[in-house]
Amino acid sequence: MKNKKGKLKGFIKNAFKTTLEVALIFSACVGGKATYTAVKTKNYASNEQIEEVAKELNCDLSYMNTRFFNKILVLNHNGDKPIYVSIDNDFTSDEKKDIVFTLDHVFKLVNDINPNYRYELVDENEMPKNIFTTTIKYELDKEDNNSSNYLALASSTNKNLLYIQLVQPAINSSVIIYDREKTENNKANRIVVFTHELLHVFGFKDVYFEKINANYYHSLLNIINNSKDFYTSDNFAVISPNDYRCLISVYAEKFKNKEEKNKFLENFKIKTKEYDSLYYGIYKEANNLKGLDIYDNIIFKGTYIYTKYEIVIKNNQYSFALLDENGNILDKCNGEAISVDGVLFLKNVKLEKGFLSNVDGAYTIVDLILSKKQNFTLLSSVNAKFSATGLVKNLENMENTNVYKKNNIENELSF
């Protein structure tokens with residue numbers, strides 16, 4: 001039995017080797033150099049590295065596309081050449097400006113992570129024909145397709161079908177199709193839509209509730225519930241803090257050693273903190289949110305219809321609890337709280353009891369906000385329609401809460 005297993009392993013190994021060699025030969029025969037493709041794949045991060053960086057940055061990778069053996073899908077770069085982009089002449093000048101704005105915004109972030117990623121605008125007739133070259137095309141939907149509710153579509157594949165897919169699932173040919181008839185064709189909406197589709201090109205998948213039975217409000221990919229009216233600032237950090245962390249995790253170059261990894265992580269832990277401050281700061285200003293008089297070592301107690309909410313915040317950490325009308329805990333979680341001039345943003349509130357949904361058991365992840373409204377404290381959310389009012393008190397008044405006791409607050413907050 002042992003010998004048979006050994007022969008079987010040898011057969012599989014040789015068969016895989018033969019398949020890989022055939023793929024290499026095929027790639028070389030159809031107009032490119034297989035060795036060039038092999039070199040290109042060497043500096044892409046492994047799944048293990050991607051997951052390690054994501055863990056260090058507290059990043060949720062669950063809405064990144066995966067392929068064979070659960071490998072995360074990436075956009076190929078062109079080495080020492082840019083990624084070539086063409087824009088259909090049927091777009092208006094304003095539409096073209098907004099496409100370029102989103103390209104500049106996303107590529108600037110990714111280029112800072114990995115300098116191999118940059119783009120160049122070219123006419124469609126100048127797009128490279130080489131199957132190894134990564135290209136992105138923007139086209140206007142010229143057909144009245146009433147059966148589709150999509151504002152835009154990103155269709156991506158890899159022209160080098162064999163070799164790349166065996167080594168690293170990757171995208172190198174994408175077409176973004178925009179339907180101006182199905183959206184409010186203004187600057188704010190276009191920026192959200194074009195950024196959404198460009199993130200698909202970089203390997204993000206859709207997070208619509210009807211597809212996955214979950215509410216992902218912490219990503220720009222949830223475009224339906226996005227508060228588009230505050231995306232009007234030229235300085236706005238369009239993608240969410242978690243989207244940014246996904247890009248960092250997936251597009252970091254393959255680390256050569258531990259020293260290089262530690263230096264990278266140290267650098268981007270600082271940059272993600274800066275990005276958080278920018279993102280939430282602009283959100284606060286755009287929505288005229290008022291800061292709380294006290295915003296650390298506090299407890300918030302609020303109610304909306306039959307649901308109660310209790311939030312404890314201490315040392316920039318929160319503990320959130322969802323309760324029924326009788327004070328029984330339905331769900332709870334912990335995480336990081338960020339203060340922007342007294343407005344508190346609770347990052348990545350993760351619940352599994354149908355929060356913000358009528359579907360029982362629907363997974364939800366959302367950023368919540370505590371801000372001042374007249375004589376009350378308002379509990380609201382980023383990119384979702386939700387609000388409840390309540391009051392904030394110092395933790396000295398803990399004896400009146402249903403959930404947290406003064407003697408076990410440290411355990412509840414997992415410090």
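Is Glu-95 buried or exposed? In this predicted model, Glu-95 is buried, with a relative accessible area of 0%. The side chain of Glu-95 meets that of Arg-180 in a salt bridge, with an N to O distance of 2.9 Å. Arg-180 is partly exposed, at a relative accessible area of 25%.

Helix 4 (residues 93-113) also packs against helix 9 (residues 258-286): their axes come within 11 Å and cross at roughly 155 degrees. Helix 4 is therefore roughly antiparallel to helix 9. On the side of helix 4 the contact is made by His-105, Leu-109, Asp-112 and Ile-113, and on the side of helix 9 by Phe-264, Phe-268, Lys-271 and Tyr-275. Five of these contact residues are nonpolar, one is polar and two are charged.

In total, 13 salt bridges were counted. One of them joins Lys-269 and Glu-56, whose closest N and O atoms are 2.9 Å apart. Lys-269 lies in helix 9 and Glu-56 in helix 3 (residues 47-56), so this pair ties together parts that are 213 residues apart in sequence. Lys-269 is partly exposed, with a relative accessible area of 35%, and Glu-56 is likewise partly exposed, at 39%.

A further salt bridge is formed by Lys-137 and Glu-124, with the closest N and O atoms 4.0 Å apart. Lys-137 is located in strand 4 (residues 135-140), and Glu-124 in the loop between strand 3 (119-121) and strand 4. Asp-98, Lys-187 and Arg-190 are linked in a network of salt bridges.

Methods. Residues are numbered from 1 along each chain as its sequence is written. This is a predicted model: local features need pLDDT of at least 70, side-chain atom pairs count only at pLDDT 80 or more; totals for chains, interfaces and linings use all residues. Side-chain values use heavy atoms; hydrogens and water are left out. Axes are lines fitted to C-alpha atoms, for helices over the stretch in contact, and angles run from 0 to 180 degrees between N-to-C directions. Helices (H or I, at least four residues) and strands (E, at least two) are DSSP runs, numbered from the N terminus. Angles under 35 degrees count as roughly parallel, over 145 as roughly antiparallel, 65 to 115 as roughly perpendicular and the rest as oblique. Contact means heavy atoms within 4.5 Å. Ala, Val, Leu, Ile, Met, Phe, Trp, Tyr, Cys and Pro count as nonpolar, Asp, Glu, Lys and Arg as charged, and the others, Gly among them, as polar. Buried means under 20% relative accessible area, exposed over 50%, partly exposed in between (1.4 Å probe, protein chains only).
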